[in-house]
Amino acid sequence: MKQSFLLARAAGAAALALMAATAGAQQPAYPDKPLRILVGASPGGGTDILARVLADKFAPVLKQPVTVENRPGASNTIAGELTARAAADGTTLLLATNTAQAVAPHILKLKYDPLKDLQPIGLVAVMPNVLVVSASSPYKSVKDLLAAMAAKPGGFKYASSGIGSTQHVGGEAFNLATGMKSIHVPYKGSSQAHVDIIGGEVDMMFDSTSSAMGQIKAGKFRALAVSAPQRSPELPDVPTLAEQGIKGADVSTWYGLYVTAGTPRPAVERLNAELVRTLKLPDVQTRIKALGGEPGSLTGEAFAAMNRQEFDHYGQLVRDANIKAE
């Protein structure tokens with residue numbers, strides 16, 4: 001009887017194992033439906049441009065449509081919250097910047113935790129910020145700008161893509177480093193701010209090169225300084241802030257790819273591999289460098305560690321500059 005019982009139990013276990021194996025074999029490979037990349041900024045900005053580059057390269061290899069959805073506002077965090085609350089199946093991706101991932105959480109009350117509710121895939125690109133004014137403005141250098149600001153205290157306005165954006169932080173860091181006071185004017189994305197910079201409604205902006213380069217090359221923006229330790233290869237004649245005597249005001253913009261936390265490991269690994277492949281493509285590298293940036297090289301845990309370091313770094317900067325929601 002005992003032997004019969006053991007045989008029956010073994011047969012039952014074998015049947016369960018067969019069912020599990022069959023279920024595993026029947027589970028569709030990732031991805032089995034269309035993907036979307038959420039962007040927290042308006043069409044035409046640097047984040048949007050990079051998201052569309054990724055979408056174009058991902059779709060043929062993943063054999064699924066990949067669309068870009070713009071959800072601007074709240075310092076890019078609307079897109080972040082939507083991704084955090086999406087189904088954890090790897091079909092909702094987020095192309096985020098340090099605005100939403102490292103700056104805004106110290107200024108805004110968010111309904112999600114960008115460090116816990118989003119799974120990092122990899123660093124896409126790093127772009128220096130550049131101080132720009134309208135090409136029709138009288139300012140030819142940072143020295144000219146500072147002289148005018150000193151002559152008209154509090155009379156200058158700087159644009160940003162939103163409260164808590166790197167443009168916002170860059171403007172306040174500039175105020176802090178120079179002892180000047182300029183007024184922050186937030187927009188829902190860089191492209192909207194560009195209209196008022198060109199029209200003279202706002203005096204200046206610390207925009208990412210990925211967003212500003214088109215206007216610079218078109219002769220609509222004049223670049224006065226690069227907010228980075230070295231000059232940009234795409235703007236070799238534009239000096240850094242440090243070269244013009246301004247220390248401690250360097251702010252760059254980085255772009256990273258994320259999915260919803262809890263996404264299955266196979267999907268995360270597939271996206272990681274696809275991002276690495278895409279960033280090695282010569283035409284993609286050329287595109288990123290033409291925007292004044294460098295392709296990313298960090299993925300997975302290394303990128304997550306960088307995100308945490310940047311979160312702490314910008315938290316301190318926000319406190320030093322006393323940046324608050326307006």
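**Figure 1. K63 lies in the loop between helix 2 (46-62) and strand 2 (66-70).** Helices (H or I, at least four residues) and strands (E, at least two) are DSSP runs, numbered from the N terminus. The model is predicted: local features need pLDDT of at least 70 and side-chain atom pairs count only at pLDDT 80 or more, while totals for chains, interfaces and linings use all residues. Residues are numbered from 1 along each chain as its sequence is written, and side-chain values use heavy atoms, with hydrogens and water left out. K63 is not a glycine, yet has a positive phi of about 60°. Its relative accessibility is 68%, so K63 counts as exposed (over 50% relative accessible area; buried is under 20% and partly exposed in between, with a 1.4 Å probe and protein chains only).

**Figure 2. A74 is placed in the loop between strand 2 and helix 3 (77-84).** A74 also has a positive phi, about 50°, although it is not a glycine. With a relative accessible area of 41%, A74 is partly exposed.

**Figure 3. The peptide bond from Y30 to P31 is cis.** Omega is near -10° for this bond. P31 is found in the loop between helix 1 (2-26) and strand 1 (35-39).

**Figure 4. Helix 6 (residues 166-178) crosses helix 11 (residues 300-321) at roughly 50°.** The two axes come within 10 Å. Axes are lines fitted to C-alpha atoms, for helices over the stretch in contact, and angles run from 0 to 180 degrees between N-to-C directions. The angle makes helix 6 oblique to helix 11; angles under 35 degrees count as roughly parallel, over 145 as roughly antiparallel, 65 to 115 as roughly perpendicular and the rest as oblique. The crossing of helix 6 and helix 11 is left-handed, meaning that the near helix is turned anticlockwise from the far one by less than a right angle, whereas clockwise is right-handed. V169, E172 and L176 of helix 6 make the contact with Y314, L317, D320 and A321 of helix 11 (contact means heavy atoms within 4.5 Å). By class, the contact of helix 6 with helix 11 has 5 nonpolar and 2 charged residues, and no polar ones. Ala, Val, Leu, Ile, Met, Phe, Trp, Tyr, Cys and Pro count as nonpolar, Asp, Glu, Lys and Arg as charged, and the others, Gly among them, as polar.

**Figure 5. Helix 7 (residues 190-199) packs with helix 8 (residues 209-217) at an angle of about 35°.** The axes of helix 7 and helix 8 are 11 Å apart, and their crossing is right-handed. On helix 7, S190, H194 and I198 meet S211, A212 and Q215 in helix 8. The residues of this contact divide into 4 polar, 2 nonpolar and no charged.

**Figure 6. S208 is found in strand 7 (residues 204-208).** The relative accessible area of S208 is 3%, so S208 is buried. Leaving aside neighbours within four places in sequence, S208 is in contact with M127, P128, N129, T253 and Y255.

**Figure 7. K324 is found in the segment after helix 11.** K324 counts as exposed, at 53% relative accessibility. Apart from neighbours within four places in sequence, K324 is in contact with I107, I163 and H168. K324 and I163 are 161 residues apart along the chain, and 8.4 Å separates their C-alpha atoms.
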